[in-house]
Amino acid sequence: MMNKKTLTYIAVILLGIVGIASFLDDINNNGTWYGANDYTHVIQTDSTVQKSIETACLDCHSNFTNAVWYDNLVPVSFLIKHHVEEGKHELNFSEFASYSLKKQKHKLHEIAEQLEEAEMPIKSYVLMHPTANLSTSQRQAIIDWSKNAIQQLEQKAAQKNQN
Ligand code: HEC
C-alpha cells in the first residue's frame, strides 16, 4: 500500500503535468468578433439576435474564442480546439462579409437548418457553457433573422442588376 504522502506527491506531479500541457495547449485567437468583414456589415441584425449569436455561436464561429479557464485545461482543450478549428472553417461570422453572395446565402440557409434541427450550438459545449443554452424564442429569432437575411441579400442583388 502507498502511504498518504506518496499519493500526495503523485497527485501534485500529475496536476503539474496537466498544468504544463494546458499552458502549452492554449486556444489561439487571431482577431476580434467584429471587424471590417463581420456579418453585421451585410445583414441588418437587431441587438437581441446579435447577443444570442455572441453567447451561443461566436466561440466557435469567429476570430475570437472567449475561452473560460477550464477550456484551456487538457483534455477539454483538445475537444474545444478541434471544435473551434472546424467550426471557424465552416462558418466564420467575423469574415462573413467577405464570402461570395452565393456562399452567404448558403450559410444562412444552413444556420436556419442547424437551429431548426437543434444541432447548434453543439450539445457538449452547452453542457460546459450553460449560458450558451438558447431558449426556444431566442432560437426562433435567429431562424427568422437568417431567413430574412437571405431575402435582404436577394433584394440587394436584384437592385444591383437593375443599375
Ligand atoms: C462548440 C463549438 C460550436 C458552437 C458553440 C457552435 N458551433 Fe456551429 N459548428 C461547429 C462545428 C465543429 C461545425 C462543423 C461540424 C458540424 O457540422 O457538426 C459547425 C457547423 C455549423 C454550421 C454548418 C455550416 C455548413 O456549411 O455546413 C452552421 C450553419 C453552424 N455551425 C452554425 C452555428 C450557430 C448559428 C451557432 C450558434 C447558435 C453555432 N453554430 C454554435 C462548432 C460550433
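Is Ala-118 buried or exposed, judged by the C-beta neighbours inside 10 Å? Ala-118 counts as exposed, because it has 11 such neighbours; the cut-offs are 20 or more other C-beta atoms within 10 Å for buried, 12 or fewer for exposed, and in between for partly exposed, with C-beta atoms placed from the backbone.

## Basis of the model

The model is predicted: local features need pLDDT of at least 70, side-chain atom pairs count only at pLDDT 80 or more, and totals for chains, interfaces and linings use all residues. Residues are numbered from 1 along each chain as its sequence is written.

The mean pLDDT of the protein is 92, and 99% of the residues score at least 70; pLDDT is the predictor's confidence in each residue, from 0 to 100.

## Overall architecture

The protein contains 6 helices and 0 strands, in the sequence pattern α-α-α-α-α-α. Helices (H or I, at least four residues) and strands (E, at least two) are DSSP runs, numbered from the N terminus.

The radius of gyration of the protein is 20 Å, whereas a compact globule of 163 residues would have a value near 15 Å. This radius is taken over C-alpha atoms, and the globule rule is 2.2 Å times the number of residues to the power 0.38. Along the principal axes, the C-alpha atoms fill a box of roughly 80 × 30 × 20 Å. Of the 163 residues, 23% count as buried. Among contacts with a separation of 6 or more, 86% come from residues 24 or more positions apart, a contact being two C-beta atoms, placed from the backbone, within 7 Å.

## Helix α1

Leu-24 belongs to α1 and is exposed, because 9 other C-beta atoms lie within 10 Å. Leu-24 and Ala-141 are 117 residues apart along the chain, and their C-alpha atoms are separated by 39 Å.

His-83 is located in helix α3 and counts as partly exposed, because it has 18 C-beta neighbours inside 10 Å. Neighbours within four places in sequence aside, His-83 is in contact with Cys-60, Ile-122 and Tyr-125. From His-83 to Met-128 the C-alpha distance is 13 Å, at 45 residues apart in sequence.

## Backbone features in the loops

Val-74 and Pro-75 are joined by a cis peptide bond, with omega about 5 degrees; Pro-75 lies in the loop between α2 (47–56) and α3. A cis peptide bond also joins Met-120 and Pro-121, with omega about -10 degrees.

Pro-121 lies in the loop between α4 and α5 (123–128). Ala-118 is likewise placed in the loop between α4 and α5, and has a positive phi of about 55 degrees although it is not a glycine.
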